[in-house]
Amino acid sequence: MAGMSVAVYDGNGIIYKNVFGYADKENNIKVDDQTVYDWGSTSKLLIWISVMQLVEQGKLNLQEDIRNYLPEGFLKNLSYDKAITMLDLMNHQAGFQETFFTQTADASKVGSLEEALEN
């Protein structure tokens with residue numbers, strides 16, 4: 001996809017909206033108001049808006065260890081010494097290794113992606 005939809009709004013409604021580019025460039029199909037996009041990284045925006053609403057409501061502290069908000073045993077395959085906060089996660093600075101996703105904290109024991117997905 002080589003296209004996008006843009007909307008700018010305030011408390012009174014839409015100020016500007018437009019579409020640009022192609023939903024399918026090879027077949028010359030342009031983007032329109034009905035074009036459906038994959039979520040991709042835009043889901044982060046929705047999550048962080050929800051997080052900030054919880055902060056505004058006093059239900060979440062961005063500086064607090066995330067373990068205080070997670071069920072017991074939720075991070076069973078991840079260990080870390082320094083507290084990880086929501087602010088760390090939002091800034092991509094949590095500090096844990098990607099090897100968590102392959103079920104090992106020891107990078108020398110990382111298997112193939114296929115093996116990780118089978119477990």
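## Helix 1 and the residue after it

In this predicted model, helix 1 is followed by Gly 58, a residue whose phi is positive, near 75°. The helix itself covers residues 42-56, and its length can be checked against expectation: at 1.5 Å a residue, its 15 residues should span 21 Å, and because the end C-alpha atoms are 22 Å apart, the two values agree.

Ile 47 has its place in helix 1, and with a relative accessibility of 48% it counts as partly exposed, because that class lies between the 20% limit for buried and the 50% limit for exposed. Ile 47 and Met 90 are separated by 43 residues in sequence, while their C-alpha atoms are 9.7 Å apart in space.

## Overall layout

The chain contains three helices and three strands, which run β-β-β-α-α-α from the N terminus on. Of its 119 residues, 14% count as buried, and the chain exposes about 9,800 Å², of which carbon and sulfur atoms supply 53%. Among the contacts with a separation of 6 or more, 21% come from residues 24 or more positions apart.

The three strands form an open sheet in the order 1-2-3, with antiparallel pairing. Its edges are strand 1 (2-10) and strand 3 (29-30), each of which pairs on one side only. Strand 2, residues 13-24, pairs with strand 3 in the antiparallel sense over two bridges, and Asp 24 stands opposite Ile 29 of strand 3.

## The nonpolar core and Leu 62

In soluble globular proteins, nonpolar side chains tend to be buried together. Here the largest nonpolar core has eight residues, namely Val 51, Leu 60, Leu 62, Ile 66, Tyr 80, Ile 84, Met 86 and Ala 94.

Leu 62, one of these core residues, is in contact with Val 51, Met 52, Val 55, Thr 85, Met 86, Leu 87 and Met 90, when its neighbours within four places in sequence are left aside.

## Thr 85 in the loop

Thr 85 lies in the loop between helix 1 and helix 2, the latter covering 86-90. Its relative accessibility is 7%, so Thr 85 counts as buried.

The side chain of Thr 85 reaches the backbone oxygen of Leu 62 at 3.4 Å, which is within the 3.5 Å limit used for a polar contact. Leaving aside neighbours within four places in sequence, Thr 85 is in contact with Leu 62, Gln 63, Glu 64, Asp 65 and Ile 66; of these partners, Leu 62 and Ile 66 also belong to the largest nonpolar core.

Note on methods
Residues are numbered from 1 along each chain as its sequence is written. This is a predicted model: local features need pLDDT of at least 70, side-chain atom pairs count only at pLDDT 80 or more; totals for chains, interfaces and linings use all residues. Side-chain values use heavy atoms; hydrogens and water are left out. Helices (H or I, at least four residues) and strands (E, at least two) are DSSP runs, numbered from the N terminus. Buried means under 20% relative accessible area, exposed over 50%, partly exposed in between (1.4 Å probe, protein chains only). Two strands pair if DSSP finds at least two bridges between them. A polar contact is a pair of N or O atoms within 3.5 Å; within protein, one must be able to donate a hydrogen and the other to accept it, and residues adjacent in sequence count only if both atoms are side-chain atoms. Contact means heavy atoms within 4.5 Å. The expected span of a helix is 1.5 Å times one less than its number of residues. A nonpolar core is a set of buried Ala, Val, Leu, Ile, Met, Phe, Trp, Tyr and Cys residues joined through side-chain atoms within 4.5 Å. Accessible areas come from the Shrake-Rupley method with a 1.4 Å probe; for residues, only the protein chains shown count as cover.
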